[in-house]
Amino acid sequence: MTCVSQCAKYFLCFFNFVFFIAGGAALTVGIWLFVDRSSFTNLIGKLDQSDFLNQTDADVIQMIAYILILAGALTFIISFLGYCGAMFESRCLLCVYGILILLVLILECVVVGLAFGLKGDVEKGTQDFLKSTIAKYYASSGDKADTVTVAWDGIMSKLHCCGVENFRDFSENRNWTITGKTVPDACCIKENDVLKDPTCPINPTASNSYYQTGCYQAMMTAIEENAAIVIGVAATLVFVEVLVIILALYLACCYWRPQHVYRCVEPSGKE
C-alpha cells in the first residue's frame, strides 16, 4: 500500500471514529430521554444547578429525544461502516459508505435548492410557525417558563426585537393578554439587566423598547451580517463530505481484487 493510501486509510479511520463516538453519545442520550426523562433531567439539574429541563414541556422533550435517536443512529451506522471499511480494507463497506455520504450531500443540495426556489413560501411558513409558538406556548410568569419561552426571551434580548413581526404577535396569546402587559420584559431596553423604564411592559415606546422591531427580520439581518461565516461553514462541510467520498472510493479501488485471475500455463507446468 502506498503512502497516500495509508494516509487516506488512517484519516478515514480517525474521522469516522470521532463521529462514531458522537453518534453513539447522541443515540444514548436520545434513548435515555425517551425511556426515563426524569432521571436525565434530575442529573442535568444537579450538574448545572438549574431546573430548565424540568420546566420544559413533555412534548418538546419527546421531540428532542426522537431527533437525537434518528440523528445519532444515522451518524452511528454510517461512521461505523466507514471506520470498518477503512480499517479492515473492505471495498464493499467503503463503497456503501461513499454512496451514503454522497446521498447525504445530494439531500443537502436539494434542501438548499428548494429553500432558494421556494423562498417566499419558506419565509411565510417559518413566520407562521414562529407565531404559533408564541400563541400556544409563551408563558407569562417565570415559574412557568418552558423551553419556547426561554428561547424567545433569549432571542429578543440578544437581537433587540419583539415578536415575529412586531409586538402585536403577543396579542394572539390569551394567557398573555390577561396579564395586562403589552410586551414581555425581554422586549424592553435594559441597563445592567434592569428595565430602563419600569412601565415598558405595559406602555412600550420607541425610546424604552424594541416593540416595533420583528425578530424574523432581525434574524435575517444577523445572518446577512455573518454571511461570510455561514458560507465558510457550509463550504467546509461540503469540502469535507466530498473529500471523504473521494478517499472512500479511492481506497475501494486500491483494495480491489479480481475474483478470477487467468494464467497462461505451459504443458510443462511452467507459467
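This is a predicted model: local features need pLDDT of at least 70, side-chain atom pairs count only at pLDDT 80 or more; totals for chains, interfaces and linings use all residues.

What does Asp128 pair with? Asp128 forms a salt bridge with Lys124. The closest N and O atoms are 3.0 Å apart. Both residues sit in helix 6. They are 4 residues apart, about one turn of the helix. Lys124 has a relative accessibility of 53%, so Lys124 counts as exposed.

Now stay with helix 6, but look at Lys131. Lys131 is in helix 6, and Glu165 is in the loop between helix 7 (147–159) and helix 8 (174–177). Their side chains meet in a salt bridge, 2.3 Å from N to O. The two are 34 residues apart in sequence, so this pair ties together separate parts of the chain.

One more pair. Asp185 forms a salt bridge with Lys181, with the closest N and O atoms 3.9 Å apart. Asp185 has 31% relative accessibility and counts as partly exposed. Lys181, at 33% relative accessible area, is partly exposed. How many salt bridges does a search of the whole structure find? It finds 4.

Next, the largest pocket. Its volume is about 840 Å³. Which elements give two or more residues to its lining? They are helix 5 (91–117), helix 6 (119–137), helix 9 (215–225) and helix 10 (227–254). So helix 6, which holds Asp128 and Lys124, also contributes to the lining of the largest pocket.

The lining has 22 residues. Nearest the centre lie Ala115, Phe116, Met220, Ile223 and Val230. By type, the lining residues divide into 16 nonpolar, 2 polar and 4 charged.

Last, the annotation. The UniProt record, an unreviewed entry, places "transmembrane region" at residues 12–35, 60–82, 94–118 and 227–253. Let me take two of those stretches. Over residues 94–118, the chain is 96% helix and 0% strand. The end C-alpha atoms there are 36 Å apart. Over residues 227–253, the chain is 100% helix, again with 0% strand. Here the end C-alpha atoms are 39 Å apart.

That's the tour. Happy to go back to any of it.

Conventions:
Residues are numbered from 1 along each chain as its sequence is written. Side-chain values use heavy atoms; hydrogens and water are left out. On a 1 Å grid over the protein atoms alone, a cavity is a set of points where a 1.4 Å probe fits but cannot get out, and a pocket is an open set with protein on both sides within 12 Å along at least five of seven lines; lining residues have an atom within 4 Å of a point. Grid points are joined across faces, edges and corners, and a volume is the space filled by probe spheres set on the points. Ala, Val, Leu, Ile, Met, Phe, Trp, Tyr, Cys and Pro count as nonpolar, Asp, Glu, Lys and Arg as charged, and the others, Gly among them, as polar. UniProt positions are given in the numbering used here, feature names are shortened, and annotations may be inferred rather than shown by experiment. Buried means under 20% relative accessible area, exposed over 50%, partly exposed in between (1.4 Å probe, protein chains only).
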